[in-house]
Amino acid sequence: MILKYDVIVVGGGHAGCEAACAAARMGAKTCLVTMDMNKIAQMSCNPAIGGIAKGQIVREIDALGGQMGLVTDATAIQFRMLNRSKGPAVWSPRAQCDRGKFIWQWRSVLDSTPNLDIWQDQAEELLVEEVSEGSPHRKRVTGVRTIWGCELRARAVIVTCGTFLNGLMHIGRKMVAGGRIAEPAVPHFTESITRHGIRAGRMKTGTPVRIDKRSVHFEDMERQDGENGYYKFSYLGGAGSKSLDNASSNVDNPSERPLRQLPCWVCYTNEQVHETLRSGLADSPLYNGQIQSIGPRYCPSIETKLVTFPDRQQHLLFLEPEGEDTNEMYLNGFSSSLPMDVQIEALRKIPALRDIKVYRPGYAIEYDYFDPTQLKHSLESKVIEGLYMAGQVNGTTGYEEAGGQGTLAGINAALGNTTFELKRDEAYIGVLIDDLVTKGVDEPYRMFTSRAEYRILLRQDDADARLTEKAYHLGLATRERYDWWLQKKEAVAEIEDFCKSYAIKPKLVNGALETMGSTALVYGCKLADLVARPELNFERLQEIVPALRERIEALSNRKEEIAEAAEIHIKYKGYIEREQMVAEKMHRLENIKIKGRFDYPTLTAISTEARQKLERIQPETLAQASRIPGVSPSDINAMLVLLGR
C-alpha cells in the first residue's frame with residue numbers, strides 16, 4: 001500500500017507533534033507516523049514544561065503559532081515564574097503538568113488539525129532516490145517504509161524519533177532493548193539513513209524512580225506551592241484564548257487555572273543514602289564500562305553527583321506530582337541506573353521516604369543521534385534533500401528544545417522551495433539551532449540563558465513582538481492571534497507614550513518618594529524618568545500618580561501583561577537599544593555569504609584547525625564561521641581580506 005503526502009513526520013513526541021501541526025496548518029498535506037497513538041507527546045521524564053531558558057522557548061513556540069504553550073496551560077497543576085529576584089532578561093516560566101491529560105490534550109489538537117493524518121506504525125526504512133539532474137551525488141528523500149510494508153511517499157520527511165533509534169535501557173547490569181520503559185526500540189531505521197553518508201553517534205539519558213505518594217511521610221518534607229498570578233505560557237492566555245485556539249483558559253478570570261493546583265515537596269539525601277549508593281557503584285552501568293556514551297552534563301544521575309562531588313553531605317530532591325488524579329510522583333534529582341534494590345534501599349534512608357513503595361526504578365537509556373553539523377539552519381540535511389531532523393536525534397535534551405526544533409522543521413518542510421530561519425538575536429530557538437549546526441554536540445545539548453548573547457532582547461514577555469508577525473505572514477499564526485498581538489502592541493505603546501509625556505511636579509511626589517527610599521526631585525521630570533529608577537515600579541508609582549492607575553485599570557483583563565511589557569521597555573530602554581546595536585553589527589557579517597567561495601584545504605592564511613572545521617561544516621556566512629570552535633578572530637580577518645581581493 002502506498003500513501004502520498006507533502007510532508008511525513010516520523011515520531012509522535014514533542015518535536016513531531018509541533019512539526020506535524022506546523023506543516024499541516026500551513027497547508028501541507030501531512031502524515032504523523034507514531035508507534036502508539038495513545039502516547040502522543042509523552043513526557044518520558046519530568047512531567048513539567050519550561051524552566052530556565054526553556055520557558056522562553058515555549059513562549060516562542062506559542063508566538064509562532066505552535067501548540068505547546070496552550071496544551072501546557074490547559075493541563076498545568078502548578079505554575080511558577082523562576083528567577084523573579086533577577087532581571088526580566090532571565091525570568092522563566094515553568095509548569096508542572098498532568099501527564100495523562102497532557103497527552104490527551106495534544107491528541108485533541110492533532111485530531112482537530114486540518115490536513116493532518118495519523119498513521120500508527122513503525123518506520124523501518126528511509127526511502128531515498130538519486131537525482132539525475134545536476135551533481136551526480138545529489139540525493140532526495142521520497143518517503144518511508146514501515147515494518148508492516150506500507151510506503152508513505154512525500155517530498156519532505158521530518159525525523160523526530162527521540163530515544164527510540166536502537167534504544168537500549170539499563171538498570172544495573174541488566175540491559176533491555178527499548179525506546180522508553182515498556183516500549184520497543186526501533187532497529188534498522190538509523191542504518192537506512194547512515195548508509196547515505198550521514199554520521200550517527202550514541203548518547204545517553206536517564207530518568208528517576210516513580211513513587212506511590214501514599215507511602216510518603218509528607219510531614220517530614222518542605223512544601224513548595226505554585227503561584228496564582230495571571231501568568232500563563234500562551235500569549236492567548238486569559239481573555240480570548242478560549243475562542244481562539246481551543247485553550248481551556250477562563251475568559252473572565254485569567255488567573256484561574258483549569259485543573260486543581262498541587263504542591264511539590266522538597267527533601268534531601270544524607271550520608272547514609274550516599275553510603276548505600278556507593279555500595280552499588282560496581283554494578284552501575286555508568287562506571288562498570290557497560291555505558292560508553294555521554295550523558296547530559298546538567299541533569300546528572302545521583303551516582304554521578306556522588307562521584308563528581310564527593311564532599312557534598314546532601315543533595316536536593318524535589319518530589320513532584322504526575323497528575324491531579326494519580327498517586328504516582330516523580331523524584332526530581334534522583335535519576336539513576338543503579339540496581340533497583342540499591343535505589344530503593346538508599347531512598348528508604350531518607351526520613352520522609354522511609355516506607356516508600358515505588359512503581360518502577362530509575363533507568364538509563366542509550367540511543368542513536370545524528371551529527372547536527374550535517375544540517376542547514378532550516379534543519380534540512382545537507383546530504384539528502386527534503387530530509388529534516390528535529391529533537392533528540394539532533395543531540396539535544398528536553399521537551400522544549402525538541403518542540404522548538406519541530407516547529408522550525410515543520411515550517412521549512414511545508415515551505416519547500418524557500419526557507420525560514422531565526423537569527424540569534426531573534427529567538428532562543430535561533431540560538432539553539434545555530435549552536436547545533438555550527439558547533440555540533442559532544443553531549444546532550446540543553447538550553448540556558450547564558451548561551452544567548454542577546455538575552456535582554458530574548459525575554460519571555462516579548463516573544464510575540466519578535467515572532468508573531470513573522471508567523472502570520474508565513475500562514476502559521478492565525479489572523480485572530482495576529483490581531484491579539486496588535487491589540488497588545490497598541491496598548492503597550494499608549495502606556496509608554498503616556499509615561500514619556502506625563503509631567504511630574506516635585507512638591508506633589510517628593511514626600512512619597514522619600515518614604516519609598518528614592519531621592520527627592522529638585523526639578524520636574526517626566527513619569528518615565530521615575531519608572532527608570534531601580535527602586536520604583538508601576539505598582540508603587542500608581543500610589544502617587546492616580547493618572548497612571550487609571551490608565552492601567554482601563555486595560556481590563558490584560559492589564560498585568562501590558563503594564564509589565566511597558567514597564568520593562570521604559571526601565572531597560574538603554575540596555576535594549578545597546579544590545580540591538582551590537583546585534584546589528586553582527587548582522588553585517590551575517591550578510592557576507594561565503595558558501596562555495598573558498599577552497600578551505602588550500603587556504604594557508606588561516607590555521608590548520610580552522611581549515612579542517614570550515615571544510616567539514618561549510619558555513620553559509622562569515623558570522624556563522626566566526627562561531628565555529630577553533631576558528632579565531634584572526635582567521636575571520638584573513639577571510640575578510642581574501643574576500644576583498
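1. The largest nonpolar core in this predicted model has 104 residues. A nonpolar core is a set of buried Ala, Val, Leu, Ile, Met, Phe, Trp, Tyr and Cys residues joined through side-chain atoms within 4.5 Å. Buried means under 20% relative accessible area, exposed over 50%, partly exposed in between (1.4 Å probe, protein chains only). Trp 106 and Phe 189 have the most contacts inside this core. Helix α1 (residues 14-25) gives the most to it, with eight residues. Helices (H or I, at least four residues) and strands (E, at least two) are DSSP runs, numbered from the N terminus.

2. Another core lies apart, with 29 residues. Among them are Val 509, Phe 538, Val 545 and Ala 563.

3. Which residues does Trp 106 contact, leaving aside neighbours within four places in sequence? They are Cys 17, Glu 18, Cys 21, Ile 40, Ala 41, Gln 67, Met 68 and Val 71. Contact means heavy atoms within 4.5 Å.

4. Ala 41 sits in the loop between β3 (30-34) and β4 (48-50). Its phi is positive, near 50 degrees, and Ala 41 is not a glycine. Ala 41 counts as buried because its relative accessibility is 0%.

5. Now the confidence. Residues 239-254 fall below 50. Where pLDDT is low, the predicted coordinates should not be read in detail.

6. On method: residues are numbered from 1 along each chain as its sequence is written, and side-chain values use heavy atoms, without hydrogens and water. In this predicted model, local features need pLDDT of at least 70 and side-chain atom pairs count only at pLDDT 80 or more, while totals for chains, interfaces and linings use all residues.

Terms used:
pLDDT = per-residue confidence, 0-100.
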